[in-house]
Amino acid sequence: MKILVANRGEIAVRIIRACRELGLPSVAIYSEADRSARHTRLADESVCVGPAKASDSYMNIPAIIKAARTSGADAVHPGYGFLSENEAFARAVEAAGLAFIGPRPETIYRMGNKLIARQVAEDAGLPVLKSLNLELTQAEHALAVCREMKFPLLVKAVSGGGGRGIREAHSLAELEQVICAASEEAAAVFGNHSVYVEPLVRSARHIEVQILGDGNGTVLVLGERECSIQRRRQKLVEEAPAPGLSDELRSAIHHAAWQLGMALNYRSLGTVEFLLDPSGNFFFIEVNPRIQVEHPVTEMVTGIDLVAAQLRLAQSGTLAYQQADVHINGSAIEVRVIAEVPELGFIPDTGTITELAEPQGPGVRVDSAMFVGMEVTSDYDSLLGKLIVWGETRAAAVRRIKGALREFRISGVKTDLPFLAQIIQSDCFLDADFDTTYLDQAQPALIEAARGSHNRTAALALALLIHQQQTIPQAQPAPAVFQQAVNPWRMAALQEQVL
Amino acid sequence: MAKYKVVVEQEEFLIEFSENRVQVNGEVIEQPSLASLNGNGLYLLQQGGEKQEVHIQHQQRSAYQITIGGHHLTAEIERDRGNRRATGSLRTAGEITAPMPAVMVDLLVIEGDAIQAGQTVLVLEAMKMQMKISSPVDGIVNRILKTPGQRVEKGEVLLKIDMG
């Protein structure tokens with residue numbers, strides 16, 4: 001079975017690696033801007049599908065289907081983002097006689113429409129937040145029906161997801177304007193201007209359950225993840241298992257996810273997302289019918305390669321695991337490494353990576369597509385990669401990720417690494433005492449702390465360098481050993497002397 | 001004896017090397033050392049019993065990019081020859097530059113305005129996100145080099161501030 005990977009960046013690299021391990025040939029697609037990208041080089045074959053702009057390349061359905069046909073691929077893995085939750089793409093893949101590695105197209109459709117998804121979940125017996133199951137397209141209509149509801153409310157896009165297209169309304173007075181703004185944004189981002197409202201749960205945690213189904217009546221629950229550390233509803237730190245859940249609550253949440261998976265006769269990987277309120281009530285939010293960014297934390301604690309499981313299922317139609325095979329071992333934490341400037345409201349940064357040191361060691365994993373010389377542009381998402389660690393306990397995982405963050409060095413673009421280090425060191429994180437609003441409150445203090453005293457150290461290093469160059473121009477900076485052909489033994493010996 | 005003025009992320013440092021001592025902003029520090037690790041910009045800085053790997057990348061003229069730990073910083077350096085006029089080429093704390101390619105969508109000050117550190121002076125928009133740019137220092141707006149609607153490149157000077 002030959003797999004076309006319809007994505008880029010770290011997830012494309014991740015999928016290509018799984019293909020290679022299973023002995024399956026892989027085909028990468030790339031845009032003109034990604035000719036030298038890591039995924040383009042790593043795959044067995046690669047096909048250019050269009051210009052840099054995502055809508056002309058990574059989201060260009062006809063070009064991708066054509067690439068699959070000409071390369072002789074048998075199946076398409078969509079990754080996350082781009083076309084991964086696009087029903088039309090899944091249908092087009094199947095219509096071309098190829099396997100779509102993911103849920104059936106109608107599952108994607110039903111979970112993509114948030115009102116239908118809520119209805120399916122409610123019918124399956126899941127707790128769903130009381131809301132008006134109404135598509136609101138006209139603000140006046142909304143005002144009439146929302147008079148009865150308790151504020152604050154969330155206004156959400158019916159075709160939304162992934163934390164996008166959500167706005168808060170704190171009073172009836174501002175509701176009209178919020179609905180209009182949300183509706184406009186929904187139309188621009190998702191191509192559907194319908195929105196709906198539901199109550200805002202205060203101090204809620206975001207807990208999600210990983211499911212894996214064979215599309216033939218079997219659904220496995222692969223544990224849950226805690227993803228409450230979010231910035232503007234975008235996850236930044238994720239972990240498995242979720243700390244501080246009682247056994248009863250954990251099994252109740254798992255069971256709810258399993259019920260929904262069964263009701264959908266779910267195929268492939270999916271994530272069922274829940275809000276957990278401080279009194280232990282949980283509510284269904286949505287299903288992400290695809291592999292997720294944070295899937296590695298589940299892999300680290302279950303020992304199950306989720307992408308390989310997807311590929312095997314597509315190949316054989318059966319799962320290699322049973323529920324009894326699933327055990328949670330230890331604790332895993334992931335942080336998202338993003339090219340951005342925390343001090344400037346987290347605006348994305350661009351540039352060329354000039355030096356790179358990814359952390360290593362036992363229990364440390366880096367999923368990235370970075371390399372020295374890589375250009376980070378504004379064409380695509382600013383996620384550079386993910387650092388994932390495993391530890392025997394949560395405390396051990398925290399210590400490990402602290403050390404790994406110290407070793408991580410990316411030159412050429414600004415990243416959130418210092419900010420992530422501050423989150424990991426914060427008392428709230430250590431005590432697992434946080435909810436989805438934690439980062440919004442703690443952000444200024446964390447940014448300030450992340451600045452630290454590095455400016456002074458940098459100034460000293462630069463002054464020393466220039467001073468040495470000016471006073472002893474011949475001796476610095478490249479001693480004779482470097483002018484010879486690169487010899488790793490000499491290099492190591494030299495570094496040891498220096499260190 | 002040699003004196004250097006270094007501006008890192010808009011913070012200014014004066015570093016002095018003499019026969020057997022080093023001063024940062026007038027404060028004597030333990031003798032530091034800097035050794036090249038790979039001929040590719042990676043150095044080991046040792047100072048006061050602490051070791052730190054530092055990556056230094058030359059950009060253009062006096063501009064450098066420096067990475068320490070997870071921090072990626074922009075820096076400028078110039079030799080201070082005790083001649084005040086010589087400090088012409090160095091970007092000082094009194095400039096506001098564009099952090100990324102963007103469009104200026106709003107300008108909240110005019111030349112001659114007295115402004116305070118932290119005060120929002122202009123708004124940029126990039127990738128459908130608006131960002132408020134605030135002044136790093138107290139001072140008087142000396143020159144405005146861009147107008148709303150104009151595209152700006154990363155690192156381009158947008159506004160100059162006279163710090164008196």
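## A first walk around chains A and B

Let's start at one spot in chain B: setting aside neighbours within four places in sequence, Ile161(B) is in contact with Gly94(B), Ile96(B), Ile115(B), Ser135(B), Pro136(B), Val137(B), Asp138(B), Gly139(B), Ile140(B) and Asn142(B). Keep in mind that this is a predicted model. Ile161(B) belongs to strand β17, residues 157-162 of chain B. Is Ile161(B) buried or exposed? Its relative accessible area is 7%, so Ile161(B) is buried. Ala114(B) sits 47 residues away along the chain, with 9.3 Å between its C-alpha atom and that of Ile161(B).

Now step back to chain B as a whole. Its secondary structure comes to 17 strands and 0 helices. The C-alpha trace spans about 50 × 35 × 25 Å along its principal axes. Chain B has 164 residues, and 43% of them count as buried. Among contacts in chain B with a separation of 6 or more, 41% come from residues 24 or more positions apart.

On to chain A, beginning with a pair of helices. Helix α3 (residues 61-71) and helix α4 (residues 87-95) of chain A have axes that come within 10 Å and cross at roughly 30°. Angles under 35 degrees count as roughly parallel, and that makes α3(A) roughly parallel to α4(A). The crossing is right-handed. Which residues in α3(A) and α4(A) meet? From α3(A) come Ile61(A), Ile64(A) and Ile65(A), and from α4(A) come Ala88(A), Phe89(A), Ala92(A) and Val93(A). By class, that contact has 7 nonpolar residues, with no polar and no charged ones.

Helix α4 of chain A also holds Glu94(A). Glu94(A) has a relative accessible area of 33%, so it is partly exposed. Beyond its neighbours within four places in sequence, Glu94(A) is in contact with Phe100(A), Pro105(A) and Arg267(A). Pro105(A) is 11 residues from Glu94(A) in sequence, and their C-alpha atoms are 8.9 Å apart.

Two other helices of chain A can be checked by length. Helix α8 (residues 172-190) has 19 residues, which should span 27 Å at 1.5 Å a residue; its end C-alpha atoms are 26 Å apart, which agrees. Its buried residues are Leu175(A), Val178(A), Ile179(A), Ala182(A), Ser183(A) and Ala186(A). After α8(A) comes Gly191(A), with a positive phi near 70°. Helix α12 (residues 394-407) has 14 residues and reaches 20 Å from first C-alpha to last, close to the expected 20 Å. Its buried residues are Arg394(A), Ala396(A), Ala397(A), Val398(A), Ile401(A), Ala404(A) and Leu405(A). What do these buried residues of α12(A) pack against? Their partners in chain A are strands β11, β14, β19 and β21, plus helices α13 and α14.

| Item | Angle |
|---|---|
| Phe151(A) to Pro152(A), cis peptide bond | omega near 0° |
| Ala240(A) to Pro241(A), cis peptide bond | omega near -10° |
| Ser268(A), not a glycine | positive phi near 75° |
| Asn25(B), not a glycine | positive phi of about 50° |

Where are they? Pro152(A) is in the loop between α7 and β6 of chain A, while Pro241(A) lies in the loop between β11 and α9. Ser268(A) is part of strand β12 and counts as buried at 2% relative accessibility. Asn25(B) is in the loop between β3 and β4 of chain B, and it is partly exposed, with a relative accessible area of 43%.

Terms used:
Residues are numbered from 1 along each chain as its sequence is written. Chains are lettered from A and ligands numbered from 1 in the order in which they are written. This is a predicted model: local features need pLDDT of at least 70, side-chain atom pairs count only at pLDDT 80 or more; totals for chains, interfaces and linings use all residues. Side-chain values use heavy atoms; hydrogens and water are left out. Axes are lines fitted to C-alpha atoms, for helices over the stretch in contact, and angles run from 0 to 180 degrees between N-to-C directions. Helices (H or I, at least four residues) and strands (E, at least two) are DSSP runs, numbered from the N terminus. Angles under 35 degrees count as roughly parallel, over 145 as roughly antiparallel, 65 to 115 as roughly perpendicular and the rest as oblique. A crossing is left-handed if the near helix is turned anticlockwise from the far one by less than a right angle, and right-handed if clockwise. Contact means heavy atoms within 4.5 Å. Ala, Val, Leu, Ile, Met, Phe, Trp, Tyr, Cys and Pro count as nonpolar, Asp, Glu, Lys and Arg as charged, and the others, Gly among them, as polar. The expected span of a helix is 1.5 Å times one less than its number of residues. Buried means under 20% relative accessible area, exposed over 50%, partly exposed in between (1.4 Å probe, protein chains only).
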